[in-house]
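Welcome, and let us walk through this structure together. Please keep the sequence and the 3D view open as you read.

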Amino acid sequence: MATFPGNPSMAQRIARVLPTLTRSHRQMADYVLAHPLQAATMPIDELAATLGVSVATANRFARALEFDGYPQFRAALVLGFESTLAPVEKLRSKLEHPATVADVFATALAESQRNIDLTRQSLDAHSCEQAVNAILNARRIYIMGFGASSWLGGLLQRCLDLHCDNVQLLASIESSSYSARILTRLQPTDLLIAIAYPRYFADTVLLARRAREAGVPVLALTDRVTSPLAPLATVALYAHTDSQYFASSEASALALIEALCSAVAHRAKGSLKAATQLAESVLPWLHGNHASRLRPEAAAPAPRKARAVSKPSKSSKAAK
C-alpha cells in the first residue's frame, strides 16, 4: 500500500480502517487498490455495478474512509491523476450534453482557431529568432517525439529537410531505445528538437534531460512554461493545445511547426533554389499530363510479325 500510485494517502486511509471494514467494503478496497485509475473514472453506480454491490454500499464505503460521501472520495482518488484523467473528465462532461454532429464539427473548428489565435498572441519574438538560428546553425538536427508527437516530428523533419543538410527523426519501430542510443552521439554543435504535449511522454523528458546535461542545445516544442520540457530547453516555443475531446489539440501544434518552418525557409540561404528543385523533381509524380515527364513509362510491346506461310517445294509437288 505504501507504493499506491497517484495518491498514497488513499492507501493510508484504507490501511487505517481495514480491520473495521465489512466484507463488501473490503472487496471495494481491494478493487480501488488494484485499479485506482479505473475507480477514479467511474461514477458511483458504475463502480457499484462492477463490484456487484449496491449504490448505498458504495456510499457507506466512502464514509467508512472518513469522507462525507462518494463525490469527495472520488475527488480524492483523482489526486495524482489530474493530467491523465483530464481528457476523460472533459469528454464525460461533453457527452452529458446532447449535440448534433454539425455542432461538434463547429465546436472543434472554433476550438482550433482559438488555440491558434492564443498561440500567435503569446509568441515571443526573441524565442522565435533563437529557434530559427539554432536550426540553421546546427551541424545535425535530431527530432524526438513519441506517441502523437511522432507524427508532428515527421512533418517537421519533412519541412526542415529542404533547407538543412542533416535532419533525422528519432521515432522508429524501436521507439525510445533507438533514441537513447542515437543521443549518445550528439555534440554541442548539434541540436535536439524535443516535442511533447499533454499527456507528456516520460521518455521524451528523460532523454531531453540527458541531452541537455551533455551540453546539447534543446529546442522544445510544448504547450506551456509548466511543461516538464520547459526547464530543460535552451529555447522553447509554446502552442496552446486545449481540447474538449482529446488530451491535446494537434492542430495548433502543427500550425506552430509550419510557422517555424516558414521562418526557416525565409531565413535560409538558397531556399528559392531548393524550392525550385523540389518542384521540378516531384513534377513527374503529380497528376496530369506534362510534356517534360521524367518518370519512366513502360515501353509499348513490339508488334508481332505475321508468320510466313511456306510455299510447297517442287519436290513436294512432284510427290503428289
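**A charge over a ring**

The charged end of R13 sits over the ring of F67, 4.0 Å from its centre; that wording requires NZ of Lys or CZ of Arg within 6 Å of the ring centre and within 35 degrees of the ring normal. Please note that this is a predicted model, in which local features need pLDDT of at least 70 and side-chain atom pairs count only at pLDDT 80 or more, while totals for chains, interfaces and linings use all residues. Residues are numbered from 1 along each chain as its sequence is written, and side-chain values use heavy atoms, with hydrogens and water left out.

Rings of Phe, Tyr and Trp (its six-membered ring) pair if their centres lie within 6.5 Å, and planes under 30 degrees apart count as stacked, over 60 as edge-to-face and the rest as tilted. By this rule there are 3 aromatic pairs. One of them joins F61 and F73 edge-to-face, at 5.7 Å centre to centre with 80° between the planes. F61 belongs to helix α5 (residues 55-64) and F73 to helix α6 (residues 70-78), so this pair ties together parts that are 12 residues apart in sequence. Helices (H or I, at least four residues) and strands (E, at least two) are DSSP runs, numbered from the N terminus.

F67 and F73 make another edge-to-face pair, 6.0 Å centre to centre and 65° between the planes. F67 counts as buried too, at 11%.

Leaving aside its neighbours within four places in sequence, H25 is in contact (heavy atoms within 4.5 Å) with T57, R60, F61 and A64. H25 is buried, at 9% relative accessibility.

**Charged partners**

Side chains of opposite charge can pair when their charged atoms come close. A salt bridge here is a side-chain nitrogen of Lys or Arg within 4 Å of a carboxyl oxygen of Asp or Glu, and the whole structure holds 7 of them. R16 and E66 form one, at 3.2 Å from N to O. R16 lies in helix α1 (residues 8-17) and E66 in the loop between α5 and α6, so parts that are 50 residues apart in sequence are tied together. E66 is exposed, at 52% relative accessibility.

Another salt bridge joins R267 and E129, at 2.8 Å from N to O. This pair links distant parts of the chain, 138 residues apart: R267 is in helix α13 (residues 250-267) and E129 in helix α9 (residues 125-137). R267 is partly exposed at 41%, and E129 is partly exposed at 36%.

D190 forms a salt bridge with R139, their closest N and O atoms being 3.8 Å apart. D190 is buried, with a relative accessible area of 2%, whereas R139 is partly exposed at 47%. A network of salt bridges links R139, R140 and D190.

**The whole chain**

Stepping back, the chain has 15 helices and 5 strands. Buried residues make up 35% of its 320 residues.

How values were computed. Buried < 20%, exposed > 50% of the residue type's maximum accessible area, 1.4 Å probe, protein only.
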